[in-house]
Amino acid sequence: MRENLHRFFRAARGAGVHVSPAESIDAMRAVRQVGFSDRAILRDALLLTLAKSQDEKLALGDCFDLFFSQPEPRQDQREADSDADASQDPDQSPSSDATGEAGESQRPEGLGPLAQMLLSQDRNAIAAAIASASGAASLSDIRYSTQRGIFSSRILDAMGLQRLRDDLDELTASNPALAERLRAALDALREAVRDTVSQGLALYAREETENLRNEILRNAPLARIERRQLEQMRALIRQIARRLRERYSKPRKRQRRGHLDVRRTLRRNAAWSGVPFLTAWKRKHRDRPKIVALCDVSGSVAQVSDFFLLLIHSLHEVVDDVRSFAFSSHLIEVSDILEKQSPEEAMAEIMSKVGFGSSDYGSSLVDFEKEFMRMLTPQTTVIVLGDARSNNLDPRADILRRISERSKRVVWLNPEGRLAWGFGDSEMPRYATFCSVVRQCATAQQLERAVSDIVATYQ
Amino acid sequence: MAEQKPSTAIEAVESGLAAQGYIASRQIATAVYLSQQIEKPILVEGPAGVGKTELAKAIAAWRGMKMIRLQCYEGLDEAKALYEWKYAKQLLYTQILKDKLGEVLGGARTLHAALEQLHDFGDVFFSKEFVEPRPLLQALEQPGGCVLLIDEIDKSDAEFESLLLEILSDFQVTIPELGTVSAITPPTVILTSNSERDLGDALKRRCLHLHIGFPEQRLEERIVESRVPNISQTLRRQMVGFIHEIRSLDLKKLPSVSETIDWARVLVLLQARELDTAIVKDTLNVLLKYESDIEAATPQVTTFIAKAARSNVFG
C-alpha cells in the first residue's frame, strides 16, 4: 500500500498541491494511525496533512476521489484478506500487501492465468491484475496524451497478453464457443486498460503539462496571445505578481537597522551612569518607492498594456506609492480605477475611456506635464510602456527630457523587438536618449524581470 | 495504550468535545485525533466566529489540561512571547550582593585573577531564576502538558513565525544563555488564523491544516441545541435555515456560528415561538454587523423566512 501512497503523492503534485518529502512522511505517519479501512477518514487524514490551503484542499479532494475511484473493488478484497488475519498480525497492511503481490506475480506463470481470470469473470481479480500491471509498466511516468497507446500495450503485455493469444489460438481449434467468449472478454479488458491509462494520464501528467504550458506562455509574445489563453495568461501574471510581492515585501523591516548610534545610546543610558542597558540604533535611510507608470493603451499595444496594468495592480501591496496613467491620444490617471475595482472591471473601464485610439505620444506627454509634472520627485521611477509609434506626430521628446531631469530614472518598456525601433513612425531612438533604461518587453518573463529590477532598487 | 480502531477513537474525540459543549464535525475530530497521535500542531483557518478559539478551549476542558493562550498582534516579539530576563531583579541582586562580590573578588591579587573568578559566577545572573517565562516557555514547562493556543497568528509579523518554527516542530526553544529547553510533555498546539495574510510555507508545513467553514445545517442545529438548550425545535430549525439563506447573499461580513448562537439567545429572551418578519427585522442587527449588509438583507427577509419554513417541512 505504501507504493500506492507514493503514487498518490505524485498525483497530488500533479494536481498542483505542493507535497514535500517531509509532508509525505507526515502523511504516512497519519495514515499509519488511521489505517485504510475507512475511506472517509483516510481522505480527511490526507487532506489534513498534505493540503495547506482551502484551494489545495479542494484540488486534493478531487484528486483523491479520482485516484481511489478505480481500485475500489481491489481494496475491498484487500480488506477481506487482511480482516481474516488481522487478529494475530498487528502490522496488517504490509503483510497483506506482500501476500497480495506474491499472488499476483504467480498468476502469469500459471497455465493461462489471464484466460482463466477473464473466463471466470472475477472483476475484483481483473481490477487487481490491471492495477499491479500498471505498476509494473510504471504508469505513473506517463506524461503526454500521445503515450496512451504505448502504456496500454505495456500493461497488457505485463498481464500476459502473449500467453492469452496462444491460449486463444488453441481454443479456436478445440472449443470455438469458449474462444468467442474469451475474445469478447479480451475486448472488454482492452477497454478497461484504456480507461486506466486515461485516468493515469489525468492524474500524473497534469503537473508536467502545466509546467510545459506555463513555460511556453512565459515566453510567448504578449501581443499575440490567443483568446483561449488569455485566462491562463492572467493567472500566470497573477502568479508573477505574487512572487514579486513575496520577494520584496518581507525583509524590509530588519534591514533598516544600521550602526549603533553612540550619542543617543549614551544619552538614553545617562540614568545608569552611561552603562549601556538600552541601545539605540541608527536607521538606514531608504527611498520610499514611488512609481509612476505611463501606459500606452492604443490599439497596437493594448493587449500588452492590459497585462502590464494587471501587474501594476497586483503590485500595490509592495509599493505604497504607485500612480498609473493610461493614454492613447490623451492621458488620464487610472490609479483609482485600478485600486478600487477588480482587475477585469478596471481593464474594461480603462479601455472604454481611453483605449483603442490611435496613439499620440506628444499630446499625451503634454497632458502629463500640465497636470502631473509636480508630483515627480527625485525618488520617482517613471515607467513608460509603449511602442513609441506616434503616427508621425510631434513626439515632444523635450517633455520626456524634463521628466527624466525631475525623476530618479525613466524606464521604457517596449513590446516591439529592437529591430523595429526607429523604423516607420517609431520614435524610440529619440526617446531613448532620455531614458535610463530601455528594454524590450514582449513576454511575461521579460515583464517580470523588468518590474523585479525596478522594485529591487528600492530595497 | 491498547490498539483502538481509529474510527472509534475519532468518535471518542467527537463525544468528548461534545461533552464540553463543542459540536465538532468529523474533520475536526479527525484533526484533533491525528494531532495527538503524530504530535503535530493544528493550524485552524476559517472565517471569524466559527469556533476556532473555542476548539482549543474545548480540548483543554475535555482533557482536563491547562490552556495557555498567546494572542498575536503586530509587533509581538520574543520578549513577550517566549521569555524575558528579569532585568530589575538582576540589577537588584547585583546591588545586594555587592559586598559579597567584593569579598569574593578581594581574594584575587591581580586583575586577571579577579576576572577569572568573575567568570565563574557570571552565569549566576543568567540562570533560570532570572528568566521570566512567557506563554511559549510556560507551555513547555507544564509537567502535565497543556493546550497552547496561538491565536490569530496572521496578525503577527513574518519574523515571529520563524520564531515559532522550533517550538512547533521539536517542542523546544533555545535560549542563548541557558541552552535548549525541551518540553516536559509536548503540548497540544492550536494555531488559529483568519487568513489576513498568507502564512509562510515553513510554518504551514509543520502543522496539520484544518479549515473550519460555516457548518452544514444539521450540524449548526446541533451546535445551537448544545449552546442554547431552551430554544424550541421548530424555532431552531427555522432560524438556522434562515441564516443559511442569509449566507447565500453577497455581504460584507457573513453571520457565523457565534452570531447564530447570539441570535438564538436573543430570540429565546424575546420569547419568540416562530420566526416572523417583524421580529427578524428588529433583531437583524445581532446577525449583521454592517449597515450596508442590513440594508441589503432587509428586503429579502420575508422570502427567506418562507424558504426556511418550507425546508422545515421537508427536513
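**Figure 1. Strand 6 of chain A and its two parallel partners.** In this predicted model, strand 6 of chain A is joined to strand 7 (residues 409-414) of chain A by 5 bridges, and the two run parallel. Helices (H or I, at least four residues) and strands (E, at least two) are DSSP runs, numbered from the N terminus; two strands pair if DSSP finds at least two bridges between them. Within this pair, Ile383(A) stands opposite Val411(A) of strand 7. From strand 6 the chain passes through helix 19 (residues 397-406) of chain A to strand 7, a β-α-β crossover that is right-handed; that is, with the strands pointing away from the viewer, the path from the first strand over the helix to the second runs clockwise. Strand 6 of chain A is also joined to strand 3 (residues 290-296) of chain A, by 6 bridges and in parallel. Here Leu294(A) is placed opposite Val384(A) of strand 6.

Local features shown in these views need pLDDT of at least 70 and side-chain atom pairs count only at pLDDT 80 or more, as the model is predicted, while totals for chains, interfaces and linings use all residues. Residues are numbered from 1 along each chain as its sequence is written, with chains lettered from A and ligands numbered from 1 in the order in which they are written.

**Figure 2. Burial of strand 6 of chain A.** All 6 of the 6 residues of strand 6 (residues 380-385) of chain A are buried, so the strand is largely enclosed by the rest of the structure. A residue is buried if 20 or more other C-beta atoms lie within 10 Å of its own, exposed if 12 or fewer, and partly exposed in between, with C-beta atoms placed from the backbone. Both faces of the strand are covered: Thr380(A), Val382(A) and Val384(A) are buried on one side, and Thr381(A), Ile383(A) and Leu385(A) on the other.

Figure 3. Strand 4 (residues 321-327) and strand 5 of chain A run antiparallel and are joined by 3 bridges; Ala326(A) has Ile332(A) of strand 5 as its bridge partner. Axes are lines fitted to C-alpha atoms, for helices over the stretch in contact, and angles run from 0 to 180 degrees between N-to-C directions. Two residues are in contact if their C-beta atoms, placed from the backbone, lie within 7 Å.

**Figure 4. An exposed loop residue of chain A.** Ser342(A) is found in the loop between helix 16 (335-340) and helix 17 (343-354) of chain A. With 9 C-beta neighbours inside 10 Å, Ser342(A) counts as exposed. The C-alpha atoms of Ser342(A) and His313(A) are separated by 9.3 Å, although these residues lie 29 residues apart along the chain.

**Figure 5. The parallel sheet of chain B.** In chain B, 5 strands form an open sheet in the order 2-5-8-1-9, with parallel pairing. Strand 2 (66-71) and strand 9 of chain B are its edge strands, each pairing on one side only. Strand 2 is paired with strand 5 (residues 146-151) of chain B over 6 bridges, and Leu70(B) stands opposite Ile150(B) of strand 5. Helix 2 of chain B lies across strand 1 (42-45), strand 8 (188-193) and strand 9, running at about 165 degrees to strand 9.

**Figure 6. The side of chain B that touches chain A.** The contact takes 19 residues from chain B and 21 residues from chain A. On the chain B side, the elements giving two or more residues are helix 1 (6-19), helix 2 (26-37), helix 10 (201-205) and strand 9 (208-211). Helix 2 of chain B gives the most to this side, with 6 residues.
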